[in-house]
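Visitor: I would like a close look at a single part of this protein. Please keep to one interface and take it step by step.

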Amino acid sequence: MPNTLPASVDDTLDLLRRGNYVADRSLATALYLALKLRRPLFLEGEAGVGKTEIAKVLSATLGRRLLRLQCYEGLDVAAAVYEWNYARQMMEIRLAEASGDRDRDALGADIFSERFLIKRPLLQALEPDPAGAPVLLIDELDRTDEPFEAYLLEILSDFQVSIPEFGTVTAPEPPIVILTSNRTREIHDALKRRCFYHWVDYPNAERERAILAVKAPNADARLAAQVVGVVQSLRGMDLYKAPGVAETLDWAQALVELNQLELEPSVINDTLGTLLKYQDDIARIQGSEAARILAQVKTELAASTAR
């Protein structure tokens with residue numbers, strides 16, 4: 001059963017919480033306005049901070065279908081929007097030629113009808129749905145080429161697709177559109193103007209502890225606090241790739257599987273591969289640096305507990 005859209009920012013926060021997503025108020029405000037005013041929401045931020053998860057949570061909590069377009073270099077209209085079923089069209093032409101019961105104009109109109117149209121995620125998002133407009137996730141847009149960005153302008157502004165042989169397909173109800181980018185390149189202003197924008201930053205320590213409590217409830221409270229403290233310290237260092245929230249969760253869950261109740265330097269050294277993804281970063285942290293960071297985190301946690 002589909003659910004109604006949130007009626008306020010507070011409702012949006014509650015909606016996200018029901019999907020086990022711990023959001024700050026600024027993100028909930030941007031999402032509420034995008035839903036209320038039926039505008040696409042463009043989310044930028046480092047990899048692993050939870051941008052994609054927002055679309056998944058919306059789909060689950062609103063009871064809407066999720067259509068995901070995973071972007072990559074060379075993505076084209078045939079893979080993202082539509083293509084014609086050429087094999088079936090050729091078969092239809094040969095059958096028509098063999099029977100001789102249709103003229104060329106009728107045959108041309110028939111083979112470019114909807115039954116020969118293969119619909120990809122962007123076109124599927126414009127179709128009516130009894131459960132309500134679907135959630136369309138256009139993920140990692142920065143991986144595509146600029147020509148594909150230009151193609152998206154019609155969809156994001158008018159929620160329609162023009163198919164030369166078929167006509168214009170317009171959504172009876174605009175889909176809920178979430179676009180994400182890891183900012184490996186800049187997205188053109190023309191596309192950004194059609195969206196509401198929000199930068200999804202790394203969470204502060206308090207919110208990251210709340211995320212761990214929801215996503216890794218089996219982690220001991222002391223262990224969770226230490227994990228968050230170490231991760232927050234690593235994000236302040238000049239690493240090739242700082243750990244995102246996804247890596248924090250992976251690390252906490254790995255430590256739970258190892259039956260750890262608190263961090264030790266040797267445990268950090270043995271499990272850094274679940275947290276850091278580049279050997280240069282791992283080599284820099286392993287050993288004395290890991291011990292120094294952990295000692296500092298434990299000192300700070302003890303001081304905060306004493307207050």
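Visitor: What is the count of salt bridges between domain 1 and domain 2?

Guide: The count between domain 1 and domain 2 is 2 salt bridges, a salt bridge being a side-chain nitrogen of Lys or Arg within 4 Å of a carboxyl oxygen of Asp or Glu. The model is predicted, with local features needing pLDDT of at least 70 and side-chain atom pairs pLDDT 80 or more, while totals for chains, interfaces and linings use all residues. Residues are numbered from 1 along each chain as its sequence is written, and side-chain values use heavy atoms, with hydrogens and water left out.

By an automatic or database domain assignment, domain 1 covers 9-76 + 118-200, domain 2 covers 83-114 and domain 3 covers 205-298. The centres of domain 1 and domain 2, taken over C-alpha atoms, lie 36 Å apart. Domain 1 brings 7 residues to the contact and domain 2 brings 6, where contact means heavy atoms within 4.5 Å.

Between them, the two domains bury about 620 Å², with 53% of it on carbon and sulfur atoms; buried area is the accessible area (1.4 Å probe) that two parts lose on being put together, summed over both. Of the area that domain 1 buries against domain 2, 74% comes from Ile118, Glu165 and Phe166, more than from any other three residues.

A salt bridge joins the side chains of Lys119 and Glu114, at 2.4 Å from N to O. On the side of domain 1 that touches domain 2, 3 residues are nonpolar, none are polar and 4 are charged; Ala, Val, Leu, Ile, Met, Phe, Trp, Tyr, Cys and Pro count as nonpolar, Asp, Glu, Lys and Arg as charged, and the others, Gly among them, as polar.
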